[in-house]
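This report describes selected features of one protein model.

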Amino acid sequence: MHYLDHAATTPVSQEAAQVMLEVLTRQFGNPSSQYKLGRDAKGVVDAGRAAVANALGCKPEQLFFTSCGTESDNWAIRAALHQNRRVGKHIVTTAVEHSAVLQFVKHLEQEGYAATYVKPDRQGRITAEQIAGVLREDTAVVSVMLVNNETGARFPVEEIAALLKDRPALLHTDAVQGFLKVPFAARSLGADYISVSAHKIGGPKGAGALFAGGKAKNILPLLFGGGQEAGLRPGTEATAQIAGFAKAVELRQSRLEEILRHVAGCRAYALEKLTAIPGLQILGPGDAPHILAASLPGYPSQNIVGELSEKGIYISAGSACHKGKASHVFTAMGLDKKTAAGAIRISFGPETQRADIDALAGALAEHQRTRFPML
Ligand code: PLP
C-alpha cells in the first residue's frame, strides 16, 4: 500500500493505540466518579488537556475537548456570534474554507446572518488587506483557516488578528491542517478561537479540541448538561480518544523538527518527480510542507483516484470530502473548469517513504503516456 493522503487522515501509531486500549479496558472509570477509578480517569483527561495545550501554546484551561474539528469550527463561530450579538450579524470568511466552516456559514445565512466570502488569488492566497477591505461596523466574527486543506496555502492569521485587535469582531481560525504541521503557537497567532483535530496528526478519529482565549468571553455552551469541560461541552469525556490524541501530540511534538524536515523532503522529491510528467500541472503556493496539489487538466480527478487505488496508491481528489464534485477551492481560485475538475491532492506524513512517491509518479506517468501517446 502507498498511502499519500495524510491530509485526509493519518494512521494511529502503535503507542497511541496501546494507550487507548489501556484506557478502554483498564482505566475505564467515569472521570466524574469520586472513587479512585474515576479519579484516575480524570487524571487521563487532565494530562491529555495539558499535553494538547502545551503543543498548542496555551493554558490547559483555555482548551476544550470536542468530538472533531468540525464540531470545534461550528462551536467557535456560534459562540463568537453569540458574544457579539449586539455588534451585528456580519460574518467574514473565505471562499476556500473547509466545509466545516463554509456549510455552517451558509446555514447561518439562512438564519438571517450576512456573510462575505473573500476569494483567493490564482495561487490560493488570501491577504490581510483583503480582509480589512470587507470588515464592517457590524462584523461579529472573522473565520479564516490557518492552512488550506487542498492547496496547502498558509493564511496570514497573525496579520488578521492585528487588524482586529481594537475591533469587536472575534477571530476564529480552523487550524486542523496547521496543528503540528506548520510551526505556530496560540499565543503568537492571536486568534480568539482555534480548532484542531486528532486524526490529522496520528491520533484517533472522533477527537478534537477548541482553544478559546484572547477576546473570547462568556463562551456559549455547545451543549447543556453536566459540568464536563467547564460545563461548556458537557457529556462524559471520551477518555480513550483523549488519551490517544494526547499520545499522538506528544509523539509528534517530541520529533517535530525531524518530522517537518522529512515531510518537506517528501514534498520536494514528489515535486521533482511530478513536474517531469507531461501534461501535469502543479497548483497552489506550496506553503505547508505536507500538501502538494496538482491537476491532470481534462481528466476527472475521481477517475484517477479510482485508477490509482486499484494499484494500492491512495491520494485525494482535491479534498476527501468532495465525493465527485469539482473542488470549490480550485474553482474559487479562478482556475478553468478542466483544471479544477482534474485537481488532485497528494499529502505526506512521517511514515511516507520515497518508494510511495516513486509508485505514484510511475503510475501517473504511465497514465499520461496512455492518454497522450504523442507526448
Ligand atoms: N478543517 C479542515 C481544514 C480539515 O481539513 C478538516 C478535515 O478534513 C476539518 C476541518 C474537519 O475535521 P474533522 O474531520 O475532525 O471533523
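## A buried arginine

In this predicted model, Arg 49 has a relative accessible area of 13%, and because buried means under 20%, Arg 49 is classed as buried. The residue belongs to helix α2, which covers residues 36–56.

The side chain of Arg 49 comes to 3.0 Å from the backbone oxygen of Leu 63. Leu 63 is also among the residues that Arg 49 touches when residues up to four places away in sequence are not counted, and the others in that set are Pro 60, Phe 64, Phe 65 and Glu 229.

## A partly exposed loop residue

Ala 238 has a relative accessible area of 37% and is partly exposed, since that class lies between the limits of 20% for buried and 50% for exposed. The residue is placed in the loop that runs between β8 (208–212) and α8 (239–254).

What separates Ala 238 from Ser 67 in sequence and in space? Along the chain the two residues are 171 residues apart, whereas from C-alpha to C-alpha the separation is 8.3 Å.

The domain assignment of the protein gives domain 1, made up of 2–9 + 256–370, and domain 2, which spans 14–253. With the centres taken over C-alpha atoms, domain 1 and domain 2 are separated by 27 Å. To the contact, domain 1 gives 30 residues and domain 2 gives 30 residues.

## The cavity and its lining

By residue class, the lining of the largest cavity consists of six nonpolar, two polar and two charged residues.

Among the contributing elements, helix α9 (residues 256–275) supplies the largest share of the lining of the largest cavity, namely three residues.

Technical notes
Residues numbered from 1 in each chain as written. Predicted model: local features only at pLDDT ≥ 70, side-chain atom pairs only at ≥ 80, totals over all residues. Heavy atoms only, no water. Helix = DSSP H or I, 4+ residues; strand = E, 2+ residues; numbered from the N terminus. Nonpolar A, V, L, I, M, F, W, Y, C, P; charged D, E, K, R; others polar. Buried < 20%, exposed > 50% of the residue type's maximum accessible area, 1.4 Å probe, protein only. Polar contact = N/O pair within 3.5 Å; in protein donor to acceptor, adjacent residues only side chain to side chain. Contact = heavy atoms within 4.5 Å. Domains from an automatic or database assignment.
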